[in-house]
Amino acid sequence: MKVYQNLSVSDWHDLLKRPAKDVGDIEEKVLPILQAVKTGGDAALKRYTAMFDGVEIDRLAVTMKEINAASYLVEESLKKAIAKAKANIEKFHAAQREPVKTMETMPGIRCWRRSIAIEKVGLYVPGGTAPLFSTVLMLAVPAMVAGCAEVIICTPPQNDGSVHPAILYTADLCGVSKIYKVGGAQAIAAMAYGTETIPKVHKLYGPGNAFVAVAKQLVNREGVAIDLFAGPSEVLVIADESADALAVATDLLAQAEHGADSHCLLVTTSETLLGKVQEAVLTLVAKSPRRSILELSITNFSLILIKDLGEAMKFSDDYAPEHLIICTANAGMLAGQVKNAGSVFVGHLTPVSLGDYASGTNHTLPTNGTAIAFSGVSLDSFIKKVTFQEADLHGLSTIGPVVQVLAEAEGLQAHADAVSVRLNKT
């Protein structure tokens, strides 16, 4: 952990940087994988699964028998928790539907916009160090609310060649039955290009390690749509003397346990709180079951003592965090001032964990400062918004001469003629 005090605004520059990561070497490794899957299909997927996951897979597709069996392997308490989380996520995303609004921009000219679901979507669900069934909820629920016709999931197999039952149970609960036992960059390639077993999709979603992130970026260059450019997890906590040090420490560690490259910052006006948080972090790490990861990730912690909450908000907006937690006495007021953040957690009783799992908001969020211009996954991520317009005779007669003048001024005569031929027939 690094502690900073008495900083001026000019000193912020280095603190706003994320830990540097050269993806050049990763690209060199991922490109051959993409090409191999593009040309080799299922055979390449099985080869890479054996190579990277240490699992020999005969059948890539999860069977309905496996999906049905998963229900008996998931504890009832977990089933109930998943169901409640799904209900909240569904409720929040369903509220994002926009009705068609038709307006007359001038007499005889009607314009409207309609939301149309993306037809085929591919969801990547990481396995890795933890089965992220919560990612199934965050991606499958809005896909279903949007009305996507085909939803598929790719997820790495476990050591025995199966998919974790919680992932299968959650997918089935969300209405997704096309699930494939493949992970890593090869899974991204499979969904981007299609194989004998795995269908090609129109847009890719989901978090993953650096290889998955780079694979998504590379297929995006070829025209395959993706949700967002995801990087390591990050959180910024703004706290004053009213904050609880233990709670703040757990907030920082909750993001840090995602991986050794997580980036976590505390910005506080209280020197006393800063010291207590530092102590609490070390105590909690020492007894954590994910200690090996946390001992690496806390080297990226920055604990910053700042002059006042006004400066704290300015620092946060410059950093544009994936997760912003406001643990202050006037958290509601400060939340209204936020300009740049992926998702904001307001007050002492609102840890990021709520949004990660069950409050209803989506946990797939912009990282690496991209929250300055990009949003997290929402219902809008699964739809296209198509505009329509219709003119009647009165409308064409009124707007036509305007269009002719504009088109001729740009030297685009055919544009003007497209109006003239219609007006001349009336």
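Guide: Welcome! Helix α4 passes α5 in a right-handed crossing (the near helix is turned clockwise from the far one by less than a right angle). This is a predicted model, with local features needing pLDDT of at least 70 and side-chain atom pairs pLDDT 80 or more, while totals for chains, interfaces and linings use all residues. Residues are numbered from 1 along each chain, and side-chain values use heavy atoms, without hydrogens and water.

Visitor: How many residues of the contact of α4 with α5 are nonpolar?

Guide: On the α4 side, F133, V136 and L137 meet A166, I167, T170 and A171 of α5 (contact means heavy atoms within 4.5 Å). Classing Ala, Val, Leu, Ile, Met, Phe, Trp, Tyr, Cys and Pro as nonpolar, Asp, Glu, Lys and Arg as charged and the others, Gly among them, as polar, the contact has one polar residue and no charged ones. The nonpolar count is six.

Visitor: Which residues of α7 make the contact with α6?

Guide: The axes of α6 (184–193) and α7 (210–221) come within 8 Å and cross at roughly 25°, so α6 is roughly parallel to α7. From α6, the contact takes in G184, A185, I188, A192 and Y193. By class, the contact has eight nonpolar, one polar and one charged residues. On the α7 side stand F211, V212, A215, K216 and V219.

Visitor: Which strands stand at the edges of the sheet?

Guide: The open sheet has the order β2-β3-β14, with antiparallel pairing (strands pair if DSSP finds at least two bridges between them). Each edge strand has a single partner, so one side of it is left without a neighbour in the sheet. The edge strands are β2 (103–106) and β14 (383–391).

Visitor: Which residue of β3 stands opposite M103?

Guide: Three bridges join β2 to the antiparallel β3, residues 109–117. M103 has its opposite in β3 at C111.

Visitor: Which helix lies across β2, β3 and β14?

Guide: Twist in this sheet averages 30° from one strand to the next. Running at about 105° to β3, the helix across the strands spans residues 393–409 and is α14.

Key: Helix = DSSP H or I, 4+ residues; strand = E, 2+ residues; numbered from the N terminus. Axes fitted to C-alpha atoms, helices over the stretch in contact; angles between N-to-C directions. Parallel < 35°, antiparallel > 145°, perpendicular 65-115°, else oblique.
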